[in-house]
Amino acid sequence: MADYYDASNISYPCPSWAPVLGFAGCMCAVIFANLGGAYGTAKSGVGIMAMGIRSPELVMKNIIPVVMAGVLGIYGLIVAVILNGKLSKPEAGGYSTYSQYNGFAHLAAGLCCGLSSLASGLAIGIAADSGLRAIGAQSAMSASWKKMGFTGDAGGEPQSAGDALFVGTVLIQVFAGNLGLYGLISALILSQLDYACMSDN
């Protein structure tokens, strides 16, 4: 261990603490993405169960938000695996080849994916909860109208309002889910940046 602090082992582009940034990038990608996926799944599940009380036949049809929220965790896992493959351990003698340039790039990649997925999960969960409750309320209202003798809505199409709410809710989920995808793409680009130190420098 004494030789580790020799002048030949000191490198300002590749300090000994640089790998901490890379590992932090992996951690941020997984943790924040899973937080977003967990919140989106839980919040969507609350909306689905609330809707299922009055309209249980619509539960499986409106399971899409749960699937989209669960995908966010996969984004974080993909980025963490890629960043882990980019990390390099010190050479024999303790010389670090992992640069702080790589460390900051990998930390930025992890934060891009993780925080984007977190924002996406928040948007999916909140929008799905409100949208699914609205779909359930509209379905129950349509059933009440039919019991009272009404055959449809003002346009004469019994399912038009329900279909409009369903399509609108799905579109909101798609655009909210795109936020996580943008973070994933940015993280993949950042992960390709590379600068390594050589032991004979």
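Me: In what order do the elements of the protein chain run from the N terminus?

Reply: They run α-α-α-α. The chain has 4 helices and 0 strands. Helices are DSSP runs of H or I with at least four residues, strands are E runs of at least two, and both are numbered from the N terminus.

Me: What kind of model is this?

Reply: This is a predicted model, where local features need pLDDT of at least 70, side-chain atom pairs count only at pLDDT 80 or more, and totals for chains, interfaces and linings use all residues. Residues are numbered from 1 along each chain as its sequence is written, and side-chain values use heavy atoms, with hydrogens and water left out.

Me: Why is Ser99 called buried?

Reply: Its relative accessible area is 0%. Buried means under 20%, exposed means over 50%, and partly exposed is in between (1.4 Å probe, protein chains only). So Ser99 counts as buried. Ser99 lies in the loop between helix 2 and helix 3.

Me: What does Ser99 touch?

Reply: Ser99 touches Pro13, Cys14, Ala18 and Tyr195, leaving out residues up to four places away in sequence. Contact means heavy atoms within 4.5 Å. A polar atom of the Ser99 side chain also lies 2.5 Å from the backbone oxygen of Tyr195.

Me: What makes Thr97 count as buried?

Reply: Thr97 has 11% relative accessibility, so it counts as buried. Thr97 too is placed in the loop between helix 2 and helix 3.

Me: What kind of contact does the side chain of Thr97 make with the side chain of Ser88?

Reply: A polar contact, at 3.2 Å. The term needs a pair of N or O atoms within 3.5 Å; within protein, one must be able to donate a hydrogen and the other to accept it, and residues adjacent in sequence count only if both atoms are side-chain atoms. Thr97 touches other residues as well, including Cys14, Lys89 and Cys197.

Me: Why does Met27 not count as buried?

Reply: Met27 has 45% relative accessibility, so it is partly exposed. Met27 lies in helix 1 (residues 18–54). Met27 and Val79 are 52 residues apart in sequence, but 10.0 Å apart in space, C-alpha to C-alpha.

Me: How do you know that Lys43 forms a salt bridge with Asp129?

Reply: Their closest N and O atoms are 3.6 Å apart. A salt bridge is a side-chain nitrogen of Lys or Arg within 4 Å of a carboxyl oxygen of Asp or Glu. Lys43 is in helix 1 and Asp129 in helix 3, so the bridge ties together parts 86 residues apart in sequence. Lys43 is partly exposed, at 28% relative accessibility, whereas Asp129 is buried, at 9%.

Me: What makes Asp129 and Arg133 about one helical turn apart?

Reply: They are 4 residues apart in helix 3, which means about one helical turn. Arg133 is partly exposed, with a relative accessible area of 38%.

Me: What joins Lys43, Asp129 and Arg133 into one network?

Reply: Salt bridges that share partners join them. The whole structure holds 2 salt bridges.

Me: Which residues touch the most other members of the largest nonpolar core?

Reply: Cys26, Tyr75, Val79, Leu83, Cys113, Ile124 and Ala187, out of 17 residues in that core. Helix 1, helix 2 (64–86), helix 3 (100–147) and helix 4 each supply at least two residues. Helix 2 gives the largest share, 6 residues. A nonpolar core is a set of buried Ala, Val, Leu, Ile, Met, Phe, Trp, Tyr and Cys residues joined through side-chain atoms within 4.5 Å. A second, separate core has 8 residues, among them Leu58 and Ala128.

Me: What makes the nonpolar surface patch?

Reply: Leu179, Leu181, Tyr182, Ile185 and Ile189 make it, over about 460 Å². Patch residues have over 30% relative accessible area and no salt bridge; like charges are joined within 9 Å, and nonpolar side chains (Val, Leu, Ile, Met, Phe, Trp, Tyr) within 5 Å. Areas come from the Shrake-Rupley method with a 1.4 Å probe; for residues, only the protein chains shown count as cover. Tyr182 is found in helix 4 (residues 160–191).
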